[in-house]
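Subject: Structure handover, salt bridges

Hello,

Please find the structure below. My notes on its salt bridges follow.

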Amino acid sequence: MTDGFSVPGPTAASPLAASVARLAELADRLGVPQGEVFDVHHLSDASGVPADVVGDLLQGRRAGEPDLQARFVQRFDLLRRTRLKPNGRRYTQQEIADGAGMSRQQAGALINGDRRPTMEHCDAIQRFFKVHAGFLTAEDAEALDGALQRTEQSLLHDYAGGDGDPLERLLQDHGVRGIAWRAAQLPTDKHRDKVTEWLDMLLESVKPTDP
């Protein structure tokens, strides 16, 4: 049990469970509180998944998956509540319509769930609210997994920004063989490619700069 939820064991096979376990281990190594990394409300805002569903998914429990239409309406509502104007107020229906290149009537129908969104609608709304592609449409587990991976990348970036040589610290902590062994345990090539991306990022951070 870790700060209110159980980290999946090493036999957990889903990409989400693997991300949770990997992020939990990374947070422990960096001394970051588990409650901060796995804050359900923060992850809900980042992924669009309701906080109670985030909690269930982190625990390894299945959660009711809404259909695409219901998911779109739910996440559109979350964007309107959490992505506010600089003055702290919500964007009006007209402002959303103007920014997304649609009529006020179209925006209203989408907000109320009276019209099924197209991919063009989703892309335009996501660009307006400055969220990543798929925010409005990804299935809950996939959306949460993406939020966890972005958290993981942020922690690694912070780690690389510390004192000393981050690549050297990483090799000291894990050892080259340890990195290779851990990568071999990942369930898919996609996850192993992510390891390569992290190492590339660390290598980039220690490249000497031109005077």
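Arg-29 is partly exposed, with a relative accessibility of 42%, and Glu-25 is also partly exposed, at 31% (buried is under 20% relative accessible area, exposed over 50%, partly exposed in between, with a 1.4 Å probe and protein chains only). These two residues form a salt bridge whose closest N and O atoms are 3.6 Å apart; the term means a side-chain nitrogen of Lys or Arg within 4 Å of a carboxyl oxygen of Asp or Glu. Because Arg-29 and Glu-25 are four residues apart in helix α1 (residues 15–30), about one helical turn separates them. Helices are DSSP runs of H or I with at least four residues, and strands are runs of E with at least two, numbered from the N terminus.

This is a predicted model, in which local features need pLDDT of at least 70 and side-chain atom pairs count only at pLDDT 80 or more, while totals for chains, interfaces and linings use all residues. Residues are numbered from 1 along each chain as its sequence is written, and side-chain values use heavy atoms, with hydrogens and water left out.

The salt-bridge count comes to six. Among them is Arg-75 with Asp-140, at 2.7 Å between the closest N and O atoms. This pair links distant parts of the chain, 65 residues apart: Arg-75 sits in helix α5 (residues 68–82) and Asp-140 in helix α9 (residues 140–160). Both Arg-75 and Asp-140 are buried.

Glu-95 and Lys-85 also form a salt bridge, 3.3 Å from N to O. Glu-95 belongs to helix α6 (residues 93–100) and Lys-85 to the loop between α5 and α6, so the pair ties together parts ten residues apart in sequence. Glu-95 is partly exposed at 30% relative accessibility, whereas Lys-85 is buried at 18%.

Regards
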